[in-house]
Every structure is written in C-alpha cells, then in structure tokens.
Amino acid sequence: GGTLIPKVTKQSILTTLKDDNLIAFNRVLLDKSYASELEMSPAAEWRLWVALGDIATLDVIDQWETWKDNWRKQRAAGGVSKSGEFKASLDDDIWKGFRDWLLEHVFHHKCAYCETPFAGFIGDAEHFRPKGEVSMFAADGSSKIVTVVDEDNNTIAHPGYFWLAYHWQNLLPSCHLCNRYGGKKTLFPVEK
C-alpha cells in the first residue's frame, strides 16, 4: 500500500468514491495514521484497490472509444489508417497495488507460476490476458501479432485486453523470470 493513499487523494478520484468505498478510504487513512494502535484492515485496503481499478478501467475504455472515433474519422476522410496503433495510457501503480496485496494475502510471497519465494525483490504484476498487444506462436515457432476484426469489419492488430488491465482476476504476482525472460510475455492463444 505505499502508493494507495497518494493515488486516492487525487481530487478527481476522491470525489468519485462513494458509500462503502469512501468508508474503506477512511479506514485505510486511520490504519496508516494510527498504525501502532490499530490493526490493519486488509478488507478496507482491498475494497479501495478494487474501487481504484474500477475508476481506471472506465478511463481506459474511454481512451479506446476516443481512439476508435478518431480512427473512423481519419479513414472516412481518406487518411492513412493507423490500424492497430492503440496504446492505452495505463497507471501501473494500481496493478502494482493489487500485486502487493495479492502477494501478501493470497500467494504467500511467492511467484504465482513457479512458486519461488520473493526474497529481497518484489517481482512483476503479470497480466494473464495481455493488457497491450496480443501475440501467438506461428507455425514456424516464432511469435506474431494477433489480428481481429472490429465491429466495423476492419482487420486490426489485437489491442490487448486493456479493459482487464486493472481487474484482479487478470493479475498475478510473478517473478521476473516467469514474466519477462522465459514467460509468456504477450503470448495468448486465441481463435479468430
């Protein structure tokens, strides 16, 4: 939770929190302020990360819709299409917060894949379904970018599962070896 309080105290996020999420925020503030007197509430911290994830998900979906509108206008005007170039602006502090919480409370400080204990390093927040581009193995064993057909019947590079970037069920704490070097990277087998 080192980034949780600064993340929530941004005015735009703070005004978005309502009801139980605002209560959770107040509980986390109390826990941080009176750490020696109060027992930390993992449930309140979790609720707050989920609320931040929900807010960030709405933002990234809005980015996609804006990109698609601009892309359609550019194509309609006869411009060169920038098919497959959608790159979401993502906030890695949120999925790192999920990673840290899951690492402590669910995965017992071990990599979700190889179960190597995290000793002296934190590791990565691995997105099971890739948040950016999606690739798959080609017949020759190399990897290639997956293409999809959009709602307008255009073939575009798969933009990734950006709407799952902040969903806890898509995040796994992973060691660097499993996530970056020998891991799946952006590989995710899909059917057309």
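Read along the sequence, the chain to be toured follows the pattern α-α-α-α-α-β-β-β-β-β-β-α, that is, six helices and six strands. Helices (H or I, at least four residues) and strands (E, at least two) are DSSP runs, numbered from the N terminus.

The model is a predicted one, in which local features need pLDDT of at least 70 and side-chain atom pairs count only at pLDDT 80 or more, while totals for chains, interfaces and linings use all residues. Residues are numbered from 1 along each chain as its sequence is written, and side-chain values use heavy atoms, with hydrogens and water left out.

**The whole chain**

Begin with all 192 residues displayed; 35% of them count as buried. Here buried means under 20% relative accessible area, exposed means over 50%, and partly exposed lies in between (1.4 Å probe, protein chains only). Contact means heavy atoms within 4.5 Å. Among contacts between residues at least 6 apart in sequence, 69% join residues at least 24 apart.

**Helices H4 and H5**

Select residues 42-76, which form helix H4, and residues 92-105, which form helix H5. The two helices pack at an angle of about 150 degrees, and their axes are 10 Å apart. Axes are lines fitted to C-alpha atoms, for helices over the stretch in contact, and angles run from 0 to 180 degrees between N-to-C directions. H4 and H5 are therefore roughly antiparallel to each other; angles under 35 degrees count as roughly parallel, over 145 as roughly antiparallel, 65 to 115 as roughly perpendicular and the rest as oblique. The crossing of H4 and H5 is left-handed: a crossing has this hand if the near helix is turned anticlockwise from the far one by less than a right angle, and is right-handed if clockwise.

Now show the side chains at the contact. H4 contributes Pro42, Glu45, Trp46, Trp49, Val50, Leu52, Gly53 and Ala56. H5 contributes Asp93, Ile94, Gly97, Phe98, Trp101, Leu102 and His105. By class, the contact has ten nonpolar, three polar and two charged residues. Ala, Val, Leu, Ile, Met, Phe, Trp, Tyr, Cys and Pro count as nonpolar, Asp, Glu, Lys and Arg as charged, and the others, Gly among them, as polar.

**Lys68**

Remain on H4 and select Lys68, which lies in this helix. Is Lys68 buried or exposed? At 1% relative accessibility, Lys68 counts as buried. Its side chain makes a polar contact with the side chain of Asp150, at 2.4 Å. A polar contact is a pair of N or O atoms within 3.5 Å; within protein, one must be able to donate a hydrogen and the other to accept it, and residues adjacent in sequence count only if both atoms are side-chain atoms. Apart from neighbours within four places in sequence, Lys68 is in contact with Asp150, Glu151 and Asp152.

**Phe86**

Proceed to Phe86, in the loop between H4 and H5. Phe86 counts as buried, at 6% relative accessibility. Leaving aside neighbours within four places in sequence, Phe86 is in contact with Val60, Gln63, Trp64, Trp67, Pro159 and Phe162.

Most residues other than glycine have a negative phi. His108, in the loop between H5 and strand E1 (124-127), has a positive phi of about 50 degrees. His108 is exposed, with a relative accessible area of 57%. Glu115 is found in the loop between H5 and E1 as well, and its phi is near 60 degrees. At 54% relative accessibility, Glu115 counts as exposed.

Next, select His127 in strand E1, which is buried at a relative accessible area of 5%. What does the side chain of His127 reach? It comes to 3.0 Å from the backbone oxygen of Ala165. Beyond neighbours within four places in sequence, the contacts of His127 are with Trp95, Leu164, Ala165, Asn170, Leu171 and Lys184.

Leu164 is in the loop between E5 and E6. The C-alpha atoms of Leu164 and His127 are 8.4 Å apart, with 37 residues separating the two along the chain. Not counting residues up to four places away in sequence, Leu164 touches His127, Arg129 and Asn170.

**Tyr161**

Finish at Tyr161, in the loop between strand E5 (155-157) and strand E6 (171-174). Tyr161 counts as buried, at 9% relative accessibility. The C-alpha atoms of Tyr161 and Val134, 27 residues apart along the chain, are separated by 8.2 Å.
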